[in-house]
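This briefing treats selected local features of one protein structure, grouped by topic. Please consult the sequence and the structure shown here alongside the text.

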Amino acid sequence: MILTFSKRLEAKYSGIVIDTPSSFATAVRVGNEMKYPMIQTCVEEFGVNVIVVIGHEKLNVDMQRLFANSPQSMRRISVIKIPKSGGVVDLDHAYRIRTLSNQIRTYFYGAGSVHLPNSIQQSTLGGEAQTTIDLTLSPYSSIIKFTDLKIYRIGAESMAPSSALPIGASRVVSEMVPTRVEPSSPGVLNSILALLPPPPQSPVSDEEAIPEDFLLCSDVVGFLLVTSIDIMKHRMTVLSPNPGSLVGRIALIGSLEWQDL
C-alpha cells in the first residue's frame with residue numbers, strides 16, 4: 001500500500017476506505033479498561049486518520065476516548081459519527097449463526113445446483129454448460145497422526161486482567177504470541193483450522209522452533225475441519241477441500257467451530 005501511494009499521486013491524496021466487519025466492534029476487557037484490539041491493530045497497520053462510526057453511540061464514545069482524545073495517540077485521528085439509515089435492520093445472532101454455518105458448509109461441500117441468469121448464454125461458458133450448473137463438491141477426509149500437523153493459537157484463549165497477576169509479575173503470554181496447541185486439548189474437536197503454506201524448511205520436526213514471524217505474517221492457503229480425535233491412537237480425522245499430505249504442515253486454531261448436523 002505504501003509503495004502504491006508513493007507511485008500514484010491520485011491514490012495518495014484520495015486514500016482508501018477500510019470496511020470492517022461487525023466483529024471488530026467487540027470490546028475486550030484488559031484490567032479496568034475496555035479495548036478494541038482488532039480496531040487498534042487496523043489503525044496502526046494502515047495509518048488510519050479518520051474513523052467513521054455508523055449509528056453506534058457506545059462505540060463512538062469509546063473511539064473518541066481511545067483515539068481522538070487520547071494523549072498517547074502519536075497522530076491526530078478524527079472520529080466521526082453518522083446516523084444509521086432508517087431502513088437498516090440489525091441482524092440477530094441466530095441469523096448470523098445460520099449464515100456462518102451455511103458458508104462453512106458451502107466451502108467444503110459446495111453450493112449444490114445453481115441456476116444461471118437468463119443473460120448468460122451457453123456460448124458464454126464455452127458451450128459445455130447447461131442452464132443449471134452443479135457446484136457440489138466432494139471434500140477429502142484423511143486420518144493423520146498428532147505429530148503430522150502442528151497447531152498453534154495466536155495468544156491465549158482467555159487471559160486474566162493484569163490486575164489479577166501477583167505483585168511484580170508480568171504476563172507471560174501476550175495477545176500476539178503463538179502458543180502450541182495439542183490435538184488432544186479441549187476445543188480442538190469440530191474446530192476450523194487455518195492451514196498455512198509449507199514452512200521454509202519442510203517437513204518440520206517437533207524439535208524445530210517455528211519462526212514467530214512465519215506464524216503471524218503468513219497467508220492462509222485453506223481451511224481444515226477436525227471431525228474426529230482418537231486420543232488412544234494419537235490420531236485425528238480432518239476434512240479438507242482436496243487431498244494432499246499434511247505431514248510437516250502448520251495450522252492456526254481460533255474459536256470457530258462447525259458440525260455437519
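Which strand gives the most to the nonpolar patch? Strand β3 does, with three residues. The structure is a predicted model, in which local features need pLDDT of at least 70 and side-chain atom pairs count only at pLDDT 80 or more, while totals for chains, interfaces and linings use all residues. Residues are numbered from 1 along each chain as its sequence is written, and side-chain values use heavy atoms, with hydrogens and water left out. Helices (H or I, at least four residues) and strands (E, at least two) are DSSP runs, numbered from the N terminus.

**Nonpolar surface patch**

- The patch consists of Val 50, Val 52, Ile 54, Ile 80 and Ile 82, with about 400 Å² of accessible area together; areas come from the Shrake-Rupley method with a 1.4 Å probe, and for residues only the protein chains shown count as cover.
- Patches are made of residues with over 30% relative accessible area and no salt bridge, like charges being joined within 9 Å and nonpolar side chains (Val, Leu, Ile, Met, Phe, Trp, Tyr) within 5 Å.
- At least two residues of the patch come from each of β3 and β4.
- Ile 54, which is in strand β3, counts as exposed at 51% relative accessibility; the classes are buried under 20% relative accessible area, exposed over 50% and partly exposed in between (1.4 Å probe, protein chains only).

**Helix α4 and its packing**

- Helix α4 spans residues 57-68, and its buried residues are Leu 59, Asn 60, Asp 62, Met 63, Leu 66 and Phe 67.
- Seen down the axis of α4, these residues fall within an arc of 165°, so they line one face of the helix; the arc is that of the directions from the helix axis to the C-beta atoms.
- The buried residues of α4 pack against β2 (33-35), α3 (37-46), β3 (50-54) and β4 (78-82), where contact means heavy atoms within 4.5 Å.

**Salt bridges**

- The whole structure holds four salt bridges, each defined as a side-chain nitrogen of Lys or Arg within 4 Å of a carboxyl oxygen of Asp or Glu.
- Glu 57 and Lys 81 form one of them, at 2.4 Å from N to O; Glu 57 lies in helix α4 and Lys 81 in strand β4, so the pair ties together parts that are 24 residues apart in sequence.
- Lys 58, Asp 62 and Arg 65 are linked in a network of salt bridges.
- Asp 62 counts as buried at 9% relative accessibility, whereas Arg 65 is partly exposed at 38%.

**Aromatic pairs**

- There are two aromatic pairs; rings of Phe, Tyr and Trp (its six-membered ring) pair if their centres lie within 6.5 Å, with planes under 30 degrees apart counted as stacked, over 60 as edge-to-face and the rest as tilted.
- Tyr 107 and Phe 108 are edge-to-face, at 5.0 Å centre to centre and 90° between the planes.
- The rings of Tyr 107 and Phe 223 have centres 5.7 Å apart and planes at 80°, so this pair is edge-to-face.
- The latter pair links distant parts of the chain, with Tyr 107 in helix α5 (residues 93-109) and Phe 223 in strand β11 (residues 222-230), 116 residues apart.

**Positive phi values**

- Asn 190, which is not a glycine, has a positive phi of about 65° and lies in the loop between β9 (178-181) and β10 (191-195).
- His 234 has a positive phi near 55° and is found in the loop between β11 and β12 (235-240).
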